[in-house]
Amino acid sequence: MNSNDPAGKMSFERVGDSWQIAVRTADDLFYVRELDGALWAMTSLPVESVSCDMEFLTFMDDDENGRIRVDEAKRAISWMLGALKDYSGVNACSDVLKFSAINDETPEGQLLLRSAKLAMENTGTEEPTEISLADIRDRKKIMAAGLQNGDGVIPPSLIPDPDLAEFAACAMNCIGKVTDVSGLDGINLDILTRFSDMLETYLKWREEPLQNPEILPYGDATEKLFTLFTELAPKIDEFFVFCGILRMSEGSITKALPALDVMDAGALEKYLSTAPLREPNAQARLFLRDGLNPLYAEKLTAFFAGTLPGKEEITEEEWREIKAELAGFDAWRKRKNTDCLDTLNLERLQFFHAQNMKEKIEAMIVFDAERKDEIACFKDVRKLILYQRHMLEFMNNYVTLKALFNQEITSMLLAGKLIMDGRHFTLTTRVTNLAAHKKLAVNSNICTMYVDVSTGSVGAVRKMTIAVAVTSGDMYNLFVGKSGVFMTPDGVTWDAQVIDYIQQPVSFSEALKMPFFRFGVFIGKQIDKFFSARSKEFETGFEKSVAQAQSFDPQKPPEPVKQQTPAVSGSMLLMGGGVGLAAIGSSIAFMAQALHNISLWNVIGVLLCVMLIFGGPVVVISLVKLYRRNVAGFLEAGGWALNKRMRLSRKMGLIFTNQPRIPIATLLNPVDVVGTFLKPARGIHAAVRMSIWKRMFLILFILLIGGTAGFLIWYYFFHDLF
């Protein structure tokens, strides 16, 4: 295919009374990216108004400004077509990407292929050949492999070799730990290097006594004896100092014992801790048999039994020799670089060092770090799968609006479906600014409802406002406060309530009935005003009468009534009644004669003139608005930038607003079941039922009245015609 020469290859079709490019397969996308932006159905649309996978829309909006423009859509198409060499997945709108479909002839395609394979290998799949959207989105599962997640961190728990795992665990315990992208604790190259140096130094330190036996003058017991030495050395030195002072004073030093309460254990212990090991002597000999300070006696005996076994008295010279012997051990002990390895077996540590554990784990860390590019490319793998899945569908809602009118699918441009008044309303869009939307939507001449919808449990309620186009039927049963349900493409059902609307004619029949409807509303309001005023007058008079009745005193004689000459006497009333009847009869005769002289066509003509004068302009304006209804104008109110003007025809109106029909084959009985519910009530009140003769009399009376009226109409209106 020569994508540089799209002329003659692309196809156009009429959609909503405008010519739009046909997007049926991936091959058509080659021509879409070459198509002039002025020939696209729209040039821009807000991301938040599209009902689609949000990550797909985020990828399409590459400048992250919240809108997808023509140039961004073209770049997305070019990237997808270049990353693939097999477009069957695009045509099938598949969310499974086959590795064989990736274009591995480019560096970017090769990286995509390696990244996709790595993701599947990390999940434990051997020799993978494809990857799904669910697979690449399961980051926790992919990164759980840890050894190949590109962060240069190796968790010991994931190392298959138990010796290497133990070595890594020791490093983590001695030096520290870092957390890898999978959330597991592990080690990196720095920790490994520091631990390896520590182990090498520690092993050298442990080998010094083998090369210099004088470091352990008492063999394996040296460390235990040194512990006793550390505690006893200050007291032993003190004892020999006291002995020297005694010699210098020629035995004249005396020390008065403090008064002690032998029952006070605390005082006794304090005294013994400050008292010498035993009583000093001029010979400077530490006798071990009797007279030792009981607080130190046992430890002294144990210490000298290990250093000078069999000796019962220790000279100061012998004590200096012991100190000199342990000084080498003390110096060696202070050269120790760590204590964290003391709990481990020396042979095990030597095994770690001999087996080059550091080099093996370092190779694993380096290998993991080398996969950094593949790990970073996981994002592009997701993008490629999402483009393969949604690109054709998106373009049928962007470069062409064909999907908008397809009842078999839900267009991305539609927010969902409103069920209200026994009808389905599908031309719905999200509204962020009601006032701004209403200002633009009125130019579309489409009757529009604004509906608040909400869903979710208490404390987690989600709300949004939608604009709903009413494109067929009528608006008589749709009003502010009307409730229904709204269903979004993700299957969530929302509670819906009308909060505002733009009144526009909905259908031809409604346009014809509009004058009568408005006239009826006007008459109804006037009648309400009239009866409201009369009702108020009646209530006022009634309240006045009640007040007078309550204040009436029967003991008080009534006030005399002034006698007046009656204006009308009985005879005058009788005469007036006769005159009134005569006047009524004359009036009826006059009206009959007038009607007899007026032609029926004149009456009809007058009525038609009245209707045309008062209702004609309303009907004409309504019909003009119906003809000028524009779907593009409705969508533009929601933030779309459309190129095409699409007049909303009657057929389109039935697409967006329709009333489901009940199949005739499913009807059980054409008779209303309410009648069957009333039969028992009739049986209970049988005494008050109207007899068959009364019913027949009523029917005959109605027929008589109808026949008389028909005769009079014929006589006065049609008599002269025959």
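Student: What makes up the secondary structure of this chain, and how many helices and strands are there?

Tutor: The chain, seen here in a predicted model, holds 25 helices and 19 strands.

Student: Why is Phe697 called exposed?

Tutor: Phe697 has a relative accessible area of 59%, and exposed is used for values over 50%, so Phe697 is classed as exposed. This residue is found in helix α25, which covers residues 692-718.

Student: What makes the nonpolar surface patch that includes Phe697?

Tutor: Phe697, Phe701, Ile702 and Ile705 make this patch, which has an area of about 440 Å²; membership requires over 30% relative accessible area, and Phe697 has 59%.

Student: How do you know that the span of helix α3 is close to the expected one?

Tutor: Helix α3, residues 70-83, has 14 residues and reaches 20 Å from its first C-alpha to its last, where 20 Å is expected at 1.5 Å a residue. Among the buried residues of α3 are Val70, Ile77, Trp79 and Leu81, and buried means under 20% relative accessible area.

Student: How much confidence does the predictor give to the chain, and where is the pLDDT below 50?

Tutor: The average pLDDT of the chain is 80, and 75% of the residues score at least 70. Over residues 564-581, however, the pLDDT is below 50, and beyond near neighbours in sequence this stretch has 2 contacts in the model. Where pLDDT is low, the predicted coordinates should not be read in detail.

Note on methods: Residues numbered from 1 in each chain as written. Predicted model: local features only at pLDDT ≥ 70, side-chain atom pairs only at ≥ 80, totals over all residues. Heavy atoms only, no water. Helix = DSSP H or I, 4+ residues; strand = E, 2+ residues; numbered from the N terminus. pLDDT = per-residue confidence, 0-100. Contact = heavy atoms within 4.5 Å. Expected span 1.5 Å × (residues − 1). Buried < 20%, exposed > 50% of the residue type's maximum accessible area, 1.4 Å probe, protein only. Patch = residues over 30% accessible without salt bridge, like charges linked within 9 Å, V, L, I, M, F, W, Y side chains within 5 Å. Areas by Shrake-Rupley, 256 points an atom, 1.4 Å probe, with all protein chains shown as cover. Salt bridge = Lys/Arg side-chain N within 4 Å of Asp/Glu carboxyl O.
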